[in-house]
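Visitor: Hi, I'd like to talk through a model with you. Could you put it up on the screen?
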Amino acid sequence: MELKEEFQEAKAWVEESFHLNVSGEASLFEVNIRYIGGLLSAFYLTGEEVFRIKAIKLGEKLLPAFNTPTGIPKGVVNFKSGSNRSWGWAMAGSSSILAEFGSLHLEFLHLTELSGNPVFAEKVKNIRKVLKKIDKPFGLYPNFLSPVSGNWMQHHVSVGGLGDSFYEYLIKSWLMSAKTDMEAKDMYYEALEAIETHLLNVSPGGLTYIAEWRGGILDHKMGHLACFSGGMIALGAEDAKEEKRAHYRELAAQITKTCHESYARSDTKLGPEAFWFNSGREAVATQLSESYYILRPEVVESYMYLWRQTHDPIYREWGWEVVMALEKNCRTEAGFSGIHDVYSSIPNHDNKQQTFFLAETLKYLYLLFSEDDVLSPEDWVFNTEAHPLPVNHLDSSSRAGGR
C-alpha cells in the first residue's frame, strides 16, 4: 500500500523487539494465523530474511501443542515449559476445536518449504489423516474432537465460529498447491455437499442461509463469522464439477446477499454478530448479546471475492456502504472502535480496535477497490487472517522481492 516508512519501522521492531523467549501461554491458532501468517507474508512480499527466520522460530515454539496420542494438537501451548492444554471452555477442557487445528495447513507447509524441516508438513498431514479416517455424521464435521481418543465430543456443526476456517483451508490448500493437492479438493467438495444437504435453508422471505446443526436439530441462525462462506464458495466454484459451477456461483451470490441484508436491516448499516431467521424476523439479531459489531471482515471479504469473480458493480456499492458506516459509527479520535448495538443510531463504542480490522477488514475493502492484478488469486492465497501466501508455482524464484 506504499506505506514504506511505516514498514521499515515495523521491520526494525520485529528485528529488535519481537522476542520469543517469553514465558506464558499462547493460542496455537491465533499465533499461527496472525503472527506466522503475517511474518510469512512479509517475507514473500519483500524477501527480507528476518521475517523468514522469525516465522520458523515461532513455528518451532508451537510444535509441543502436537504432543498428544493422536497428533491432533491442543489449543494452548506454554512457550517456556513446552506443555500444552485444551481450552477450559471446550467441552470442559477435553477437546480441540475444528477451526483451530484445521487452520494450520497453509502456514505449516510454507514453514517446511522455508526451513527445509519436514516436521511442520508432517504435523498437518497427520491431522488430515485422522479426519479422513474418522466417521463423520452425514458427512459433516463436528466442531469438537478429543486429541486423546480421536473421537468427536459432540455433534455441533457450524460454518461459523468453531468450524469456519477448516473448510476455507481445504479449498485454499488445493489452490495454493497449484491444484495438485487432490486430497484437499475432494475433502472440500464432499464437505460442501454435506453442508448443502443438511444445513442450507431458504427463509420464507427468500434469503439463503447456512444454519447451525446440533445433533440433527437446526438453529436457524448465521453468525457474522459464517459470512466468509459466500466468498469461499465463489472461490471454489470454478474447480467444481462442470455441472455444479453455475450453481455454486449462484449459491455464493445468494449467501453474500443474505449477509448484506444483515447490514442493510440495521440502523448503523453494520451487521450484528449473529442473526436469525424465525417468526417473521429475518437476518436480524434477536437479543442484545448478539447485536454488537466488532469491526469484523467476513462480509466485505465475500464482497471482494464476488467482485473479483463477477465484476458486478453491486459489490463495490455494498462495500462503499460499509466504508461510510465505519466512518460514521466506528471512527474515533484514536482509531476505529467496535459498537455494542448495531440497531442503535447513537453508537456506543466498546473502545477496542481489533487487529483483524487492519489485517482483514480494511485490506479486503482496499482490494475490493483495487485492480484485479493487485494480489491476484492466480498468484496468492489469503490465509484466514488475510495474509497473502504465494501459490506454489514451479518457478518460485520470481516470488520474493520482485513482486
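Visitor: Are α11 and α12 roughly parallel or roughly antiparallel to each other?

Guide: They're roughly antiparallel; that word is for angles over 145 degrees, with under 35 roughly parallel, 65 to 115 roughly perpendicular and the rest oblique. Keep in mind that this is a predicted model, where local features need pLDDT of at least 70, side-chain atom pairs count only at pLDDT 80 or more, and totals for chains, interfaces and linings use all residues. Residues are numbered from 1 along each chain as its sequence is written, and side-chain values use heavy atoms, with hydrogens and water left out.

Visitor: What angle do helix α11 and helix α12 pack at?

Guide: About 155°, with the axes 9 Å apart; α11 covers residues 298–310 and α12 covers residues 314–329. Axes here are lines fitted to C-alpha atoms, for helices over the stretch in contact, and angles run from 0 to 180 degrees between N-to-C directions. Helices are DSSP runs (H or I, at least four residues), as are strands (E, at least two), numbered from the N terminus.

Visitor: And which residues in α11 and α12 meet?

Guide: From α11 you have Val300, Tyr303, Leu306, Trp307 and Thr310, and they meet Tyr315, Arg316, Trp318, Gly319 and Val322 in α12. Contact means heavy atoms within 4.5 Å. By class, the contact of α11 with α12 has 7 nonpolar, 2 polar and 1 charged residues. Nonpolar is Ala, Val, Leu, Ile, Met, Phe, Trp, Tyr, Cys and Pro, charged is Asp, Glu, Lys and Arg, and the others, Gly among them, are polar.

Visitor: Now α9 and α10: how far apart are their axes?

Guide: The axes of α9 (residues 229–237) and α10 (residues 242–264) are 8 Å apart, at an angle of about 165°. That makes α9 roughly antiparallel to α10. Among the residues in contact are Ile233 and Ala234 of α9, and Tyr248 and Leu251 of α10. By class, this contact of α9 with α10 has 7 nonpolar, 4 polar and 2 charged residues.

Visitor: Switching topic: is Ser23 buried or exposed?

Guide: Ser23 counts as exposed, because its relative accessibility is 54%. The cut-offs are over 50% for exposed, under 20% relative accessible area for buried, and partly exposed in between (1.4 Å probe, protein chains only). Ser23 lies in the loop between α1 (4–17) and β1 (25–27). Ser23 and Ser81 are 58 residues apart in sequence and 8.0 Å apart in space, C-alpha to C-alpha.

Visitor: How many helices and strands are in the protein?

Guide: There are 13 helices and 17 strands. Of the 403 residues, 57% count as buried.
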